[in-house]
Amino acid sequence: MKNKKILPYAIGILVLVIVLLVVGKKMGWFGKEFSVSVATETVKKITLTEFVTANGKIQPKTQVKISPDVSGEVIELYVEEGDEVKAGELLCVIKPEIYISALNRAEATLNSSKARQAQAEAQLIERELSYNRAKQLFEKNTIAVSEYETVRAAYNVAQAEVKAAQFSVKSADASVSEAREQLTKTKIYAPITGTISALNIEKGERVVGTSMMIGTEMMVVADLNKMEVRVEVNENDIVKVARFDTALIEVDAYLNRKFKGIVTDIANSASTVGTTADQVTNFEVKVLLLSDSYTDLIDSVRGNYYPFRPGMSAAVDILTESRENVLSVPISAVTTRIKKKGGGTQEVSDIAASNEMENVSTGAGGEKVVEKEEKQEVVFVLNGNRVKKTEVKTGIQDNTSIEITEGLKEGDEVVTAPFNAINKTLKDSMMVKKVTEEELFKVKSK
């Protein structure tokens with residue numbers, strides 16, 4: 001009983017000691033308050049341009065892959081890789097003998113069908129005359145009914161045979177047209193004016209036609225005067241991109257130089273990469289390289305008319321939005337913290353129905369105590385030798401700075417480094433020591 005009486009006094013004294021220790025440390029009565037070395041920058045107004053960055057490959061805007069319609073041996077090849085060709089120019093010839101034979105056979109069948117048609121038409125004339133005579137005699141009751149019906153049936157058969165012969169001629173004529181078309185396709189012509197950007201065959205090789213299966217890709221004709229960069233943009237950024245947005249393009253082959261481009265096409269359907277667990281969803285965006293930005297690279301003397309070649313690697317910065325005279329801070333100054341709203345009690349069924357409830361605990365009386373959580377963007381503003389946690393609202397950003405639309409004013413000094421301190425360590429009213437980034441780096445190195 002005596003211990004039970006002493007216990008409340010002991011707990012009270014312990015709590016009082018803890019409070020005195022915390023307050024005393026903050027007031028400097030004893031010890032030294034913990035402080036963090038930080039680097040800062042002043043909030044200022046700048047012109048901010050938001051970019052969406054993506055990597056991809058340079059490809060011709062227009063290119064045609066050529067596969068033959070017919071199979072056979074390539075007996076003539078008139079082009080080499082890199083040659084310039086005009087639309088309609090003969091590129092190669094596939095051995096035509098078998099297709100010439102097929103055409104001759106089809107023409108012979110057509111002539112035979114025409115002869116049968118002429119025979120059937122002559123027979124029809126004969127049967128028609130016989131039918132007319134039999135009809136007159138039958139009407140005068142000079143021949144039997146059976147004889148009349150036999151002649152009439154023969155006449156009907158002759159009419160049907162003429163129609164059959166006519167259809168046979170049409171079928172044979174179609175076969176001739178098909179055989180002639182197949183023979184024509186043994187000669188391959190350039191579909192567009194351009195450059196032979198890829199040549200996958202040699203003279204003497206056999207190629208497979210596309211009539212029955214996937215044919216042999218013999219060559220590619222591309223218009224190298226108009227090149228584009230095809231990049232993959234993540235689903236989180238694709239909503240910012242629009243047609244005719246301006247872009248800056250860096251090509252690996254041309255260091256320290258940026259070319260101008262314009263967004264021409266945005267895919268409507270996504271392409272996914274990876275397994276279900278780590279799947280990445282991207283959308284293809286095509287950026288046309290503007291010729292004005294690389295005119296100086298065209299050297300007609302050396303024959304270098306096309307500075308860019310299909311397959312070159314490139315990085316694209318798509319300018320999605322630009323704003324002038326906006327408040328900004330370095331991106332590293334902004335972090336995300338969890339803000340807990342006031343608790344309350346709810347029934348279990350209410351909790352299950354609410355999407356905003358994240359933390360559920362049990363109160364002293366057994367009731368369910370619910371805390372709502374929401375993410376907030378904050379910065380730490382330097383105030384003397386302490387920092388103040390300040391909630392902000394952000395806008396567009398580039399690679400280094402981010403727009404602040406609410407929460408700060410021009411001239412405020414915000415903490416920009418170190419990142420771990422901003423992200424986790426710093427608290428509201430915490431003591432800090434302002435240093436330069438160079439000094440901070442030296443401290444971290446030690």
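**Entry 1: terms and model**

Two strands pair if DSSP finds at least two bridges between them. Helices (H or I, at least four residues) and strands (E, at least two) are DSSP runs, numbered from the N terminus. I note that this is a predicted model, in which local features need pLDDT of at least 70 and side-chain atom pairs count only at pLDDT 80 or more, while totals for chains, interfaces and linings use all residues. Residues are numbered from 1 along each chain as its sequence is written, and side-chain values use heavy atoms, with hydrogens and water left out.

**Entry 2: overview**

I looked up the inventory and found seven helices and 23 strands in the protein. Of its 446 residues, 32% count as buried; buried means under 20% relative accessible area, exposed over 50%, and partly exposed in between (1.4 Å probe, protein chains only). I then turned to contacts, meaning heavy atoms within 4.5 Å. Among the contacts with a separation of 6 or more, 75% are between residues 24 or more positions apart.

**Entry 3: strand β9 and its partners**

Which strands does β9 pair with? I began with strand β13 (residues 280-289), which runs antiparallel to β9 and is joined to it by seven bridges. Glutamate 228 has leucine 288 of β13 as its bridge partner. Strand β9 covers residues 219-234 and is also joined to β2 by ten bridges, again antiparallel. In that pairing I noted lysine 65, whose bridge partner in β9 is valine 220. Four bridges join β7 to β9, and these strands run antiparallel.

**Entry 4: strand β14 and its partners**

I followed β2 (residues 44-66) to strand β14 (residues 313-330), and the two pair in the antiparallel sense over 13 bridges. Isoleucine 46 stands opposite valine 326 in β14. Strand β10 (residues 246-251) is joined to β14 by five bridges and runs antiparallel to it; in this pairing, alanine 247 faces isoleucine 318 of β14. Strand β21 (residues 401-406) is antiparallel to β14 as well, with three bridges between them. Valine 329 stands opposite isoleucine 402 in β21.

**Entry 5: an open sheet of four strands**

I traced an open sheet of four strands in the order β6-β5-β3-β8, with antiparallel pairing. Strands β6 (187-189) and β8 (206-207) stand at its edges with a single partner strand each, so one side of each is left without a neighbour in the sheet. The partner of β6 is β5 (residues 90-94), and this antiparallel pair has three bridges. Valine 93 stands opposite lysine 187 in β6.

**Entry 6: helix α3**

The buried residues of α3 are Tyr148, Tyr155, Ala158, Val162, Ala165, Val169, Ala172, Val176 and Ala179. What covers them includes α2 (97-139).

**Entry 7: the largest pocket**

I looked for pockets on a 1 Å grid over the protein atoms alone: a pocket is an open set of points where a 1.4 Å probe fits, with protein on both sides within 12 Å along at least five of seven lines, and lining residues have an atom within 4 Å of a point. Grid points are joined across faces, edges and corners, and a volume is the space filled by probe spheres set on the points. The largest pocket has a volume of about 280 Å³. Of its 13 lining residues, the closest to its centre are Gly82, Thr195, Leu224, Tyr306 and Arg309. Strand β7 (residues 194-199) gives the largest share of the lining, three residues.

**Entry 8: backbone angles**

Most residues other than glycine have a negative phi, and most peptide bonds are trans. I recorded a cis peptide bond from alanine 417 to proline 418, with omega near 0 degrees. Proline 418 is in the loop between β22 (413-417) and α6 (419-425).

Asparagine 325 has a positive phi, near 55 degrees, and lies in strand β14. At 53% relative accessibility, asparagine 325 counts as exposed. Serine 429 also has a positive phi, near 70 degrees, and is found in the loop between α6 and β23 (431-434). Is serine 429 exposed, partly exposed or buried? At 40% relative accessibility, serine 429 counts as partly exposed.
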